Amino acid sequence: MRIPSLEQALQDLKLIDQAGLEKVRTVQLEKALPLQEALLASGAVSDHDILQALSKLWDIPLMIRIEEIEVDPAIVDLLPMSFLRKYLMVPVKLHEGTLLVAVNDPADQDPMFDIARLLKIRDVKRVLAPKQEILSAINRVMEMKNESAKDIMEDMEEESDEILKDLENIQDITLMETEAPIIRMVNRLMVQAYRDRASDIHVEPYQTDVKVRYRIDGILHDVLTLPKRIHSPVVSRIKIMASLNIAEKRLPQDGRIGIKLGEHSVDLRISVVPTVNGERVVMRILDKSSVLLGLEELGFYPDDLQRIERLIRQEHGIILVTGPTGSGKTTSLYSMLSRINSPDKNILTIEDPIEYQLKGIGQIPVNTKVGLTFASGLRSIVRQDPDVILVGEIRDLETAEIAIQAALTGHLVFSTLHTNDSASAVTRLIDMGIEPFLVTSSVNAIFAQRLVREICPTCKQGYFPEDESLQEIGLTKEMLQKEGYLYRGAGCPECLGTGYRGRTGIYEILLMSDAIKNTILKNSDSTIIKNQAVSEGLHTLRQDGARKVEDGHTTIEEVLRVTQQ
């Protein structure tokens, strides 16, 4: 009988004593657990101890770490992922007709025979491995699967229309197995988007078809065209994953999906809006496991970095970051907060939504349904004895007033505004109803920023630019180094033929000097404020972009695209 044998094996290996076994039996009786679960629940042995005992008991080798999977992707494609996860097993190696499979429970042998039959392999051998190692390996196997959303679409085209008619029924969708075509397609769209470094997935219905587009490095790319008849099942699947109301098709809905892609934890923010041709879905991809960028990696030049270091270490005042949606404002603010984060500082944020969780920083999500707005949250934060406060966005007079009051009473406040440049932020605050003298006494600096695509390093090549394009960005041939040529990308598979891969920031930093304060008190016109700042040495967005063009980071066209004046 197996149960006493496992106990005996644990005792033979001196992994448990008689007192420990008594404790296990008590837990097993109280909670009605199988032996292995009772062993773990009692804390008498570890998962590794149980595997050691099972290895001795069944005479199966133990594999503590599954370093790499040496199996042909063509074989992997034949294995349903749900089957591997259900029975906690994964093929590790195929050598001279023998398949090595890592398992967690050696007593469950039927699935082994199923794998052998499915792959038409007679000789199958087992190794024991920890549960977490097997799950990680299954995720790596999934990465090996070559199936794309387009492949699934072609398979569905070959199948009868009856499948698609069934899928229109909402109940059928919720009951579908993970191998159902719609579920596989939606999953692959997400995996593919993540692999292609997309920040957003768009599902856009039109009169006769449905377009799927990815936003990569800030630019939308068409990736797939779906038949109109499967639009409803695809949207319903996304809604189910986001816990939205699948029956409601007349009102906008927002939700989120938390998924794992390999070793990465990914959050998808879902927005569904009704259009004349059906519901349109946009999914924003947030990689929670991505490493937060340091200030040096954001594209600041050394002179700007020195200014920032001084600004973020001040005791009080407001630092504003401005720019349109998707210009990297949150990333910049998080990097600044991380730089000054230390055990002696109490840093609190209120955000809508929280994009990344920062260790050692208290983050509060806005929840308008229960009345937690930026203004009410900020009012509460001030009573929490903070040293540094981050307000996700100043949207109204009330939030602006509380932020300024906090800055004037000894807090360092970071926030964002949606304006085109740094000087316009002053005008926006005054237009909201803030007195000019409060702006000048509370604001320390205003950053404006944009993201430009970087030239793909794989296909980067030099060229001689025309005088007209140089003039447009404020450069001359005499100003250029390297014999007067610049760089651009020729286009290659690495960058999807665009010539660009990755993004960097261009910045404009307006410091609140005495002269600028006097200008604001006399006149709130943004042009006059900007001219005064330029006379004091302000580098405009376009000038900072020109520096990055000279240094070979980006192109003239990119800088002109994001700094249209």
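What you're looking at is a predicted model, where local features need pLDDT of at least 70, side-chain atom pairs count only at pLDDT 80 or more, and totals for chains, interfaces and linings use all residues. Residues are numbered from 1 along each chain as its sequence is written, and side-chain values use heavy atoms, with hydrogens and water left out.

The protein has 24 helices and 18 strands (DSSP runs, H or I of at least four residues for helices and E of at least two for strands, numbered from the N terminus). Of its 565 residues, 47% are buried (under 20% relative accessible area, with a 1.4 Å probe and protein chains only).

Now for a helix pair. Helix 12 and helix 13 pack at an angle of about 70°, and their axes (lines fitted to C-alpha atoms over the stretch in contact) are 10 Å apart. That makes the two helices roughly perpendicular (65 to 115 degrees). These residues make the contact (heavy atoms within 4.5 Å):

| Helix | Contact residues |
|---|---|
| Helix 12 | Ile182, Ile183, Met185, Val186, Asn187, Met190 |
| Helix 13 | Pro233, Val234, Arg237, Ile238, Met241 |

Sorted by type, the contact residues of this pair come to nine nonpolar, one polar and one charged (Ala, Val, Leu, Ile, Met, Phe, Trp, Tyr, Cys and Pro count as nonpolar, Asp, Glu, Lys and Arg as charged, the others as polar).

Thr519 counts as buried because its relative accessibility is 14%. Leaving aside neighbours within four places in sequence, Thr519 touches Ile528, Ile529 and Gln532.

Conventions:
Axes fitted to C-alpha atoms, helices over the stretch in contact; angles between N-to-C directions. Parallel < 35°, antiparallel > 145°, perpendicular 65-115°, else oblique. Buried < 20%, exposed > 50% of the residue type's maximum accessible area, 1.4 Å probe, protein only.
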